[in-house]
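Please open the structure in your viewer and keep the selection panel at hand.

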Amino acid sequence: MKIHEYQAKDILAKRGVDVPRGEVANTLEEAVDVAKRLFSNGAKGVVVKAQIHAGGRGKGGGVKVAKTIAEAEEYAKQILGMQLVTHQTGPQGQKVQRLLIEETAAIDRELYLGIVLDRAAAELVFMASQAGGMEIEEVAAKDPKAIVKTYIEPCIGFQPYQARKLAFALGLKPTQINDAVRFMSGIYRAFVETDASLLEINPFITTKDDRLLALDCKINFDDNAIFRHKDLKELRDITEEDPLEVEASKYALNYIKLDGNIACMVNGAGLAMATMDIIQYAGGSPANFLDVGGGASQQQIEHAFEILLSDRNVQAVFINIFGGILRVDTLATGVVEAARKTNVKVPVVLRLEGTNVEQGREILKNSGLNFIIGETMQDAAQKAVKAAAATASR
Ligand code: GDP
Ligand code: MN
């Protein structure tokens, strides 16, 4: 689960990590109010920041520094409601519905701090870099030595000596080291206490008067742990998420929209991955990842089918099921019901194996609907690619 920058900064501030003064604004009036308050409390300028669930906002024109209230209003007007395109939003961009208005900071240096789980090491890794502000992915690819890492032993936790090591690597002044240790410990606590899967501060800055500030913050939470955090669950902003993914999450379906044209319905994440691979291998392109789960019900199958078909890019459906806990006859009934209800117009290719497969095939045959049956996974994938091409040329 992703959250906004202003929400992430709140989580940091509660743990003693300094962030600029500021407030979120949902309308132009609110934005102007916040700017007025900041200026009257001594701010020399304010920064108007688009709040969307994607990075790269600065380059896309979603972060602007204003010297006066009038200028802040002008930028708020520009950014609020704009379709902000960044390297993380895709070409269609993301509509800006909220702004964060903050006091500007007198930036001396822009640095980077981040924590992620390193799955190979089975430990959290705390990263720091002097090359902050810009795209850290690019730094990692071109100049990996510019990122210093320290691994955190899970039973011991993040130690002050590790924070000092990172602080020295960042080239901080001796007078800033203690502050940096406090800062990094706060970030580590924020990560662990929220069951985060990623936390990045880019840029983490030093100011002209030697203070340390988190100027930006991105936190993603681990969805599998979110049930432990009622308060964090409330931070979810579903208007930022793909509508089909939101719909799928209501029925406990693991659905991720992709940009191909062959919709996949599969049970089991491993089989779903293999299905996407074999579609590509057959020269096609999957429209989604969908794992209906081991014990899907007939209703879930129907909902899954409806969700797949409401994606306008879909030109064929590939149903690849290995009946274990989910019996093939249950699946077949769900698919037939859904196909009737949705009046499906694209070809549906099925590859079925496992428990009650014969009954399942009977149900499909007796339905009077025009299903295409694949004998093997490869055969079905090839048929799906062909069927999608036929729809495309219609
Ligand atoms: P991102 O592009 O989505 O990562 O958004 P950021 O919050 O990181 O902002 C992008 C850039 O805007 C930063 O790297 C800074 O250079 C600049 N910026 C953000 N806040 C301030 C500020 O208070 N003062 C100044 N001068 N620049 C800022
Ligand atoms: Mn940033």
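Begin with the whole protein chain: among its contacts (heavy atoms within 4.5 Å) between residues at least 6 apart in sequence, 68% join residues at least 24 apart. This is a predicted model, in which local features need pLDDT of at least 70 and side-chain atom pairs count only at pLDDT 80 or more, while totals for chains, interfaces and linings use all residues. Residues are numbered from 1 along each chain as its sequence is written, chains are lettered from A and ligands numbered from 1 in the order in which they are written, and side-chain values use heavy atoms, with hydrogens and water left out. Of the 394 residues, 49% count as buried, that is, under 20% relative accessible area with a 1.4 Å probe, protein chains only.

Next, select residues 28–40 and 69–79, helices H2 and H3, whose axes come within 9 Å and cross at roughly 150°; helices here are DSSP runs of H or I with at least four residues, and strands are runs of E with at least two. H2 and H3 are therefore roughly antiparallel (an angle over 145 degrees) to each other. Show the side chains that make the contact: Leu28, Ala31, Val32, Ala35, Lys36 and Phe39 of H2, and Ile69, Ala72, Glu73, Ala76 and Lys77 of H3.

Finally, select ligand 2, the manganese ion, which is coordinated by Asn202 (O) and Asp216 (OD) at 2.1 to 2.2 Å; donors are N, O and S atoms within 2.8 Å of the metal (3.2 Å for Na, K and Ca), and sites may look incomplete because water is not among the atoms. Asn202 lies in strand S10 and Asp216 in the loop between strands S11 and S12, so the pair ties together parts that are 14 residues apart in sequence. Both Asn202 and Asp216 are buried.

Terms used: Axes are lines fitted to C-alpha atoms, for helices over the stretch in contact, and angles run from 0 to 180 degrees between N-to-C directions. Angles under 35 degrees count as roughly parallel, over 145 as roughly antiparallel, 65 to 115 as roughly perpendicular and the rest as oblique. Buried means under 20% relative accessible area, exposed over 50%, partly exposed in between (1.4 Å probe, protein chains only).
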